Amino acid sequence: MAVTTEPRAQEGGAAPRHRSATRSLLRLWPYVRPVRARLFGAAGVAVVASCLGLVIPLVLKWMVDGPVAHRNPGGVWLGGALLLALGTAEALLFGLRRWLVGRPLASVEASMRADLYRHLQRLPVSFHDRWASGQLLSRATTDLMLLRMFLAFPLTFLVVNGVTVLAGFAILLSQEWTLGLVLVVPAVPLVILCSLFERQYATVARTVQDQTGDLTTVVEEGVLGVRIVKGFGRHRSQARAFRALSEQVRSTELHKARLLATLWALIMTLPELAIGAALVLGTVRVADGDLSAGTLVAFISTALTLRWPVESLGFLLAMSQDAATATDRYFDVMDAEPATAADRLRAEPSRNPGQEHEGQGGMRFEGVEFAYADAPPEEPPVLNGIDLHIRPGETMALVGATGSGKTTLTALVPRLHEVTRGRITLDGRDITALTREELRALVAVAFEEPTLFSATAGENVLMGAADAGTEELLRALKVAQADFVHALPEGTDTEVGEQGLSLSGGQRQRLALARAVVGGPRFLVLDDPLSALDVHTEALVEAALRRVLASTTALVVAHRPSTVLLADRVALLSGGRIAAVGTHQRLLRESAEYRSLMSGQEAEEGESSP
Amino acid sequence: MTTVEEERESADGWDDWHDGDGDGGRAAASDDPFDRDVLPVPKGASLALLRSLLSPRRRRVWLAAVLLLLQQAAVQAGPLLVAYAIDRAVPALRDGRHGPLIAVGAGYLGCALASGALQYAFIRASARISQDVLLDLRGRIFRHAQALSVDFHERYTSGRLISRATTDVESLRELLTDGLEELLGVALSVVYISLTLLYLDWGLGGAAVLSFWPLYLLIRSFQRRSMRVYRKRSTAIAAVIVSFTETMNGIRPVQAFRRERANDARFGEQNHRHERANGDAILEMARYVVGSRLVANAAVAALVLWGAYRVASGSLALGVLAAGALYLRRLYDPIDRLGMFLNSYQSAAASLEKIAGLLAQRPSVPEPVAPAPLPPRPANAPGREVVFDGVRFAYRTGGEVLPRFDLTLPAGQTVAVVGATGAGKSTLAKLLARFYDPSDGRVLLDGVDLRDLALPELRRGVVMVTQEAFLFSGTIADNITIGRPDATRAEIEQAAKAIGAHDFIAALPDGYDTDVRKRGGRISAGQRQLVAFARALLADPSVLILDEATSSLDIPGERAVQRAMDTVLRGRTAVVIAHRLSTVETADRVLVMADGRIVEDGPPDRLIAGEGRFAALHQAWRDSLV
């Protein structure tokens, strides 16, 4: 059941599912629910404020037709006071609206982001393999900001402006229906044209975004691959490629500007034409005495007040459409099943307490198969029936050609990937019967690509064991020959990782190794832990590591004879199976493939005495 | 756990999050300008940059300015026509004259059409200008980044460089396409309306102008306060982005070491800090909106009151009052938006300064003014001779890496360079590839100073393959032909076969036409290095430098590369830097480096037989092989 959600998430999840915008947006409700009172309150306040704006022209009319027409200077004071009161109320109410929703909406955004982060951390590694981190990041930042903006403006103002427009039209029509009609009728084509253009505009805007993305890729590659570009003297052709792409961006941007220009021309012209017509008609009727001058002033003033609410409907709808897309993108990720979902299914049948007895200890692979979920079905599985038993306390080296699946096999033990068939047991217990928490406390790992987090060097090492202290830290640093840490500006308290001091590949690898051994784990999985070290350091690390390995059950991926020698026995991985298991010497003697992997020579010198 | 991020004074969040691709553990010197984001910017560089971007388009800028002037005039004519209609057309009609009414109608129609048409023309003209400026600027940044030398790239992290070309250009784009015309429009409309009001009535106009004073004070204080709030918010989102990216990129160790809960707590804290800053920013904006609206509405009320009073007492025409009321509402309308534009203006100014700082950097490895040619190479000549003549190298910020030395590599010789990390091996190689220029002395290729060689000539002569085998987007074949763009498919395959890369490439779904980005995750580090080798083979240089280029290969892969070097590259001058001594055995000569000096130099057999460092290293390595 975890599998069914996966296919549609591939390629960054841009799967175009035609779901109505409203239905998408309704999914936001659980997050909006806690702040609903304030949100609705704010909408109400905004409706009132906006309608107050409509009353102002009426006051104007009253003043013109009343005190002004009657040459009664004292009478205008009341009108002035009324205007001031209305203006103050309008300003305060708009402020109140922002104050009501400001913090609550920031908290909606934050809680959606926290949920996304929490969810993502618990999604299986296979999910992360498919999704670029940039895609996830844009969901956590741009999309969520868009949603907050949507809740703050378009959602409210679709209601507010809708009500304002209707109220305004009612006022216009009720005062003088013929004049009103002249103003109201052009609004209909205007809204339709606006939303039409907005839709086209959105398409072009998205094209610009895509093209800018391509441009960014060229920039990134030009910077990251600068040594190659320079090394082969290719900067001119890179610059040409960049120019071609940026010219493409420019022409799309100009297309976008053309649409925008048309849209604005319409927005400027249509209402003005209507107002002009109303003005001419109104003037005639004032002259005829059918209409008071105050009514005409109020009319024009109301029409001007209504311009923004009418014009905005088009782009408010477009923004809502964008928000719906952002919601879909957000829930694409949230709908993926976290790794724990697979537990219950698999755990039950394999839990066999009391079955543990001699010979079942250590780490055991039984008929383990693994295929990537997105691999085509005709492709053979990467691992195809692995049977291997690592005895308690034993160190097993795993050797195989490039691309034979060594790293994949190591990822199965801490359940970063799930076995497709078969099972892995630790001291007789099926790893799927353990919670991930338990399992990962039992197994420590060092990866081929050592990743350090933005924290101090000491914290990075101590991540390996929750309860380890300074003593263990120092011991682990010694084992990994990572004593260089003491020479850093602030010793073990030096910040490393993306935000801190950048360390060389070899230094990072040694810290990662220290992290793996710090807690004295029962099971250790090391993926080519010494690849980035120079010969001298490698020898020192090996000597220290040997002592640690003596007391743990370990699986060590090895490329070099020197690493293999850390192990008691060697397993040769070939064609998705364990082709041979034995001591280094025995395999050198008996397996041509092993011999070629270890020495690069073909089967000429068969004997190699211990 | 970490709170360093807060203290960072970065104006935009994107700067910090992809910094830090390791540059060899060089301890950060805190006074190094490269440790901070701010490159030294000469005074007035931003303005000069802006001027140089705009001056080629001077005529179009003027055209746009005139269009905007006319457009605003057309837009602002409306209320004036209302006044005319009430004060002149109505009495005229009553007298039976239709002329003024027709004038009003025609005027309004004309203004409506003109304002629409002018708006259209202005948007297109200004879009042309801003897009041309952006095209120009993007190209300059890109070309400049490519021209800057490798030592610059090693110190100014790729993340910062990328954000100069993307985020900073983007904030300029926002200002140019969205903000600037609004800002100019607002400014113009304020001027027009004030002038019109003054023309209609001195008193009303003067009072309206006076009301700008409190508004100006309000905007200034908002600007000051909002800058603080916005900066806090962008720092907060930067921290969120860094945490987020770090977790997602390191999801394997995160899960394997059960960091989920600790991360939740840490992220929660940063997220919460951003939430607060975000709320602060929204409320700051709310305060501004209330303030400006209050001032504006009060001004409107007071002015209308005064106008109405004067109409009632007969000293002002009714139409003037009506026009005044309409104008006043328009006058204060755009003030809300002004706050936002000011903000985008500020961030664009900051971006422009950062870009100007980048563009002010001079490449430390400039192209020669008068390039010298390399002497022609006879068809069977064994590569070219390399001479380091009194070369010394130190970073410009201090710190000597290579003390003065002399070294001659005869044509056709394969030289292995060994030594511990930081001994100066890579620097030696980079001097030879002219990624750096020596601080003193010369590097000569067949007697010609590298600094006198035109870049294409240099790159045909010297090619370097490094440890980081970067693949560009495109197909495998595209990546190999970077070495020689005009190579045929047969030549590409030949190069790949020679290096032992053909088999894995042929096994990919689309063979040589496989898109590396789509399959990128499944092409292992070793396979990438093989592609990089094929690229170098195809380029067919006379001097080849391998900088730990076999570190990710397994032993059979390494052997294949060695075989290829023995056959295909026989007769090339080669410099090989390697951790693994297996590569070294096939060399004609070994240089052992320590602390920037060459401490041992000789054929491998002699060094092995001796008592020196290399003999000891070699013994340790032999032992490890068993």
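## A strand pair in chain B

In strand E8 of chain B, Val576(B) is the bridge partner of Leu546(B). That bridge belongs to a parallel pairing between strand E7 (residues 543–547) and strand E8 (residues 573–577) of chain B, which runs over five bridges. Two strands count as paired if DSSP finds at least two bridges between them. Helices (H or I, at least four residues) and strands (E, at least two) are DSSP runs, numbered from the N terminus.

A quick word on what you're looking at: this is a predicted model, where local features need pLDDT of at least 70, side-chain atom pairs count only at pLDDT 80 or more, and totals for chains, interfaces and linings use all residues. Residues are numbered from 1 along each chain as its sequence is written, while chains are lettered from A and ligands numbered from 1 in the order in which they are written.

## The sheet around that pair

Zoom out and you'll find E7 and E8 in an open sheet of six strands in chain B, ordered E6-E7-E8-E3-E9-E10, with mixed pairing. Its edge strands are E6 (462–465) and E10 (597–602) of chain B, and each pairs on one side only. From one strand to the next, the twist averages 15°. Angles run from 0 to 180 degrees between N-to-C directions, and axes are lines fitted to C-alpha atoms, for helices over the stretch in contact.

Helix H19 (residues 525–539) of chain B packs on this sheet, touching E6 and E7 of chain B, and its direction makes about 175° with that of E6(B). Contact here means that the C-beta atoms of two residues, placed from the backbone, lie within 7 Å.

## A sheet in chain A

Chain A has an open sheet of six strands too, in the order E6-E9-E10-E3-E11-E12, again with mixed pairing. Strands E6 (443–446) and E12 (577–582) of chain A stand at the edges with a single partner strand each, so one side of each has no neighbour in the sheet. Ignoring direction, neighbouring strands of this sheet are turned by 20° against each other on average.

In the parallel pairing of E3 (residues 395–400) with E10 (residues 553–557) of chain A, there are four bridges. Met396(A) has Leu555(A) as its bridge partner in E10(A). Helix H18 (residues 505–517) of chain A lies across E6 and E9 (523–527) of chain A, at about 175° to E6(A).

Chain B comes to 23 helices and ten strands.

Which residues of helix H7 (residues 202–210) of chain B are buried? They are Leu204(B), Gly205(B) and Ala208(B). These three sit on the same side of H7(B) because they cover an arc of only 95° around the axis; the arc is that of the directions from the helix axis to the C-beta atoms. Trp202(B) and Leu210(B), on the other side of H7(B), are exposed.

## Where the chains meet

Between the two chains, 137 residues of chain A are in contact with 145 residues of chain B. Helix H11 (residues 235–288) of chain A gives the most to chain A's side, with 29 residues.

Methods: A residue is buried if 20 or more other C-beta atoms lie within 10 Å of its own, exposed if 12 or fewer, and partly exposed in between; C-beta atoms are placed from the backbone.
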